[in-house]
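Thanks for coming. I will go through the chain as a whole, then through one residue.

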Amino acid sequence: MSVPDTEIAKTEAVTFDAFDPKHWPDPYPRYAVTREATPLLRTPLDVHLVTRYEHQAAILQDNNWSHAHEAELFHPGVEHTDLPTSFLWMDPPDHTRLRGLVSKAFTPRTVADLRPRVERLVAELFDKMVAAGEFDLVPMLAYPLPLTIIAELLGAPAEDHPDLQRWSHALARGFDPDPLLSPDERDARTQAAREFVAYFRELIGRRRVSPRADLISELARVEEQGDVLTEDEMLATCVTLLVAGHETSVNLVSNGILALMRNPGQYALLRERPELAAPAVEEMLRYDSPVHMTTRLALAATEVAGHQFDAGDGVVLLFGSANRDPEAFPDPDRFDITRYATDASVNRHLTFSLGIHYCLGAPLARLEMETALRELVRRGIEMAETDELVYRPNLVLRGIKTFPARFTQTITP
Ligand code: HEM
């Protein structure tokens, strides 16, 4: 459905305030107000917010929209340190080539083989939480689960994991538009990028000399008709896999468990029917998306929602809004773990994106969360929030910073 320019003009007065910290605990009613009023909202930074599912899905699948220029939109004028560019921020043909090579090392098989390790780690983390009784879920489960798995997979020794977490956190904070960052946060991002590069350069060097059964050694080995990853491409890939591989999943774990706590009927249903764990993960991804936005830049003149964009125009796609669009999802504000179990025609949520940049780590994120859900059920965990939540000050990555919780185990498996 195309919306005439007059509608956009009429709604320029809409105030978009979902990013106001007072709305962080529940930005969805604020997204709804804007989405209902207009499909596109021009911001003071002269980019348009795209509010509805239909237009976001179309842009993501249209190669006239580039992801190679995010820095121009969110980080204008920033001196980009020695961190080489990842294929996440490239267009074809460079993106196609690199994603192809990386996919040869990081395969569905790689993820499937991780299942026993993920199960063991989840069991260990649950032992600690049950023993503690009351704790902060973020450092006890949400962080250590994805961080340990992706760091081990890459081949980073356990004693380095705290450094990797610190640097990742500084980079992830820096995904937000620069005007929202303090000078200290911008400096920390620059410093983290340098430390990451030095760290992985050294580790890659060691693995080239003596390969092991890890992903870095595998990335060093991949070859497609004589084409291989260069040193810079390996560096960018390692940093992307590490950061994308846990700074997002941490929010899936905490936002997902919160949704279950706040919807006890759905948790009861999961305990009755543990086979709903996989569709429950999908619904968690939709209902409270760990990634709330991405950007695209027009490579050529193109029309969206009746508005004419010129080459060089930027858009911000609000995944958090698309995933609650009633045109795409019936009764979108209802958390329903059967949504993806019963109705094959249900729209895919946009949380892992669509099109050529569709998340390469989606199977791993799903495996980790599904394993955590199965463990909750296996141990008959009764759970509750014990104090106020604190949200992370991050608009791109939506998640909880402090999550006071109580777990009581009712079944000894
Ligand atoms: C819940 C967890 C996760 C979420 C919500 C998520 C979300 C996303 C999104 C939205 C994109 C595309 C961005 C865009 O189109 O602008 C993306 C790309 C990517 N993700 Fe994930 N991700 C998650 C977990 C992971 C994990 C566990 C890994 C790796 C171990 C990973 C690796 C990647 C990579 C390499 C890309 C780039 C793909 C490309 O550009 O072709 N992600 N992810």
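What percentage of the 413 residues in the protein chain is buried? The figure is 55%. Keep in mind that this is a predicted model.

On overall dimensions, the radius of gyration of the protein chain is 21 Å. A compact globule of 413 residues would come out near 22 Å, so the two agree. Along the principal axes, the C-alpha atoms occupy a box of roughly 60 × 55 × 45 Å.

Secondary structure next: the protein chain contains 18 helices and 12 strands. As for contacts, take those between residues at least 6 apart in sequence; 73% of them join residues at least 24 apart.

Now the surface. The protein chain has an accessible surface of about 17,500 Å², and carbon and sulfur atoms account for 53% of that.

The one residue I picked is H161. This histidine belongs to helix α9, which covers residues 161-173. Is H161 buried or exposed? Its relative accessibility is 9%, and the cut-off for buried is under 20%, so H161 counts as buried.

What does H161 touch, if we leave aside neighbours within four places in sequence? The contacts are L147, T148, A151, E152 and A156. With A156 there is also a polar pair to report: a polar atom of the H161 side chain sits 3.0 Å from the backbone oxygen of A156.

That is the end of my part.

Terms used:
Residues numbered from 1 in each chain as written. Predicted model: local features only at pLDDT ≥ 70, side-chain atom pairs only at ≥ 80, totals over all residues. Heavy atoms only, no water. Helix = DSSP H or I, 4+ residues; strand = E, 2+ residues; numbered from the N terminus. Rg over C-alpha atoms; globule rule 2.2 N^0.38 Å. Buried < 20%, exposed > 50% of the residue type's maximum accessible area, 1.4 Å probe, protein only. Contact = heavy atoms within 4.5 Å. Areas by Shrake-Rupley, 256 points an atom, 1.4 Å probe, with all protein chains shown as cover. Polar contact = N/O pair within 3.5 Å; in protein donor to acceptor, adjacent residues only side chain to side chain.
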